[in-house]
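Here are my notes on the model you sent over. Have the structure open while you go through them.

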Amino acid sequence: NNNVSRKITWSTWAVCAENIALALIISLTFYTTLPVKTQKKLTIPQGATSKSIISQLNKGGYDVGFIDAMILSQMGKITQGEVRFRKPYVSNRIDILYHLTKAKVPLHKITLIPGETTEIFLNIVAEKIEINATKLLDAYHTRAKYPGAGIAADSYLVPKKMNEEKLIKFLLRSSEKHYKKLSTKYYGDYNRTQWHKTLIIASIIQKEAANRQEMPLVASVIYNRLKKNMRLQMDGTLNYGKYSHIKVTPERIRNDLSSYNTYKHKGLPPTAIGAVSTHAIDAVINPAKTNYLYFMRNKDGVHDFTDTFKKHRKNIRKVK
């Protein structure tokens, strides 16, 4: 009798347990389909857990609790970033919790155009992604192997509010890979001293040439003048740093005592004067074979190239 009684008792408990489990499943299913009013965007901080996120939502007015935290902990890893909910911003709980596991770090697209100086570019970047411009420039000057052209002309996707040090490391690392690939293509290896000189000449070509077709011609003028130990006397070299968009005047030529003033100093500037395109680099490696020593922008916006000063003066008079 005792055995029979125990069997009935265990049987009863089993039935009760099944009923309770079924009731819990039904209740949980119903609970997860209940709508929750959401905001358009939610930011998930670094190191967040399912418990801390639900607590954050609850304090923000979301109707969520410990059950949601339990469900969320089983749905996937929570990552730092932003979550954007679909309109009309009222979803069931499962949909909301699923979105919390799909947070994405918002990215900004920043573009360094050929010819632009690093100083101007980094100031624009600092303002766009809301970081400190001075710290950004300091980090660049500390780490850049090629002052003036340490960052390759290109478009980059960077996380919003990435700190100054990490951003510079990312930009320089990407540029270094790009430069190494190009140098290996043209020279067969990657010698930084050689590549620095290439970037300096390419940056002058980038500033001076009116179009891609003129780049090999400008390169030939640079090489011909250097070979003859002539001053380059090119306005573009004075558009360095903060002077990127400042018109070069006779007064500026007289008063600028820096080594970038190729009207006063022979040879190349000490560093590149701006970002360069692959076309400018190609012109450095493959200059046109000419006797040109001068060029003058004409009324059509392109240049007339000549091999004597007499012809050059004639072109100047023509423009005037």
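The points below go from the ground rules to the pocket, then to strands, helices, rings and loops.

1. Ground rules. This is a predicted model, so to speak of a local feature I need pLDDT of at least 70, side-chain atom pairs count only at pLDDT 80 or more, and totals for chains, interfaces and linings use all residues. Residues are numbered from 1 along each chain as its sequence is written, and side-chain values use heavy atoms, with hydrogens and water left out.

2. The largest pocket. Its volume is about 830 Å³. A pocket here is an open set of points on a 1 Å grid over the protein atoms alone, where a 1.4 Å probe fits, with protein on both sides within 12 Å along at least five of seven lines. Points are joined across faces, edges and corners, and the volume is the space filled by probe spheres set on them.

3. What lines the pocket. There are 29 lining residues, and Glu208, Gln233, Asp235, Tyr263 and Phe295 lie nearest the centre; to count as lining, a residue needs an atom within 4 Å of a point. Two or more residues each come from α8 (192-208), α9 (215-227), α10 (250-255), β7 (294-297) and α12 (309-319). The biggest giver is α12, with five residues. Helices (H or I, at least four residues) and strands (E, at least two) are DSSP runs, numbered from the N terminus. By type, the lining has 16 nonpolar, six polar and seven charged residues. Nonpolar covers Ala, Val, Leu, Ile, Met, Phe, Trp, Tyr, Cys and Pro; charged covers Asp, Glu, Lys and Arg; the others, Gly among them, are polar.

4. Strand β8 (residues 303-306) pairs with β7 in the antiparallel sense over four bridges; pairing takes at least two DSSP bridges between two strands. Phe295, one of the residues nearest the pocket centre, has Phe305 in β8 as its bridge partner. Five residues sit between the strands, and Gly301 takes a positive phi near 90° in this hairpin.

5. Strand β2. Which residues of β2 are on the covered face, and which on the uncovered one? Leu42 and Ile44 are on the covered face of β2 (residues 41-44), Lys41 and Thr43 on the uncovered one. In a regular strand, side chains alternate between the two faces of the sheet. β2 pairs antiparallel with β3 (residues 81-84) over four bridges, and Leu42 has Val83 of β3 as its bridge partner.

6. Helix α4. Six of the eight residues in α4 (residues 93-100) are buried, so I'd call the helix mostly covered. Buried means under 20% relative accessible area, exposed over 50%, and partly exposed in between (1.4 Å probe, protein chains only). The buried ones are Arg93, Asp95, Ile96, Leu97, His99 and Leu100.

7. Rings. The whole structure has nine aromatic pairs. For Tyr187 and Trp195, the ring centres are 6.3 Å apart and the planes are at 85°, so this pair is edge-to-face. Rings of Phe, Tyr and Trp (its six-membered ring) pair if their centres lie within 6.5 Å, with planes under 30 degrees apart counted as stacked, over 60 as edge-to-face and the rest as tilted. Trp195 is buried at 0% relative accessibility, whereas Tyr187 is partly exposed at 29%.

8. A charge over a ring. The charged end of Arg252 sits over the ring of Tyr243, 4.0 Å from its centre. The test is NZ of Lys or CZ of Arg within 6 Å of the ring centre and within 35 degrees of the ring normal.

9. Two loop residues to look at. Glu130 has a positive phi near 60° without being a glycine. Glu130 is in the loop between α5 (118-128) and α6 (133-143), and is exposed at 54% relative accessibility. Gln233, in the loop between α9 and α10, likewise has a positive phi, about 50°, and is not a glycine. At 39%, Gln233 is partly exposed.

10. The loop between α8 and α9. Asn211 is in this loop and is partly exposed at 27% relative accessibility. Its C-alpha is 7.8 Å from that of Val302, 91 residues away in sequence. Ala209 is in the loop too, but is buried at 13%.
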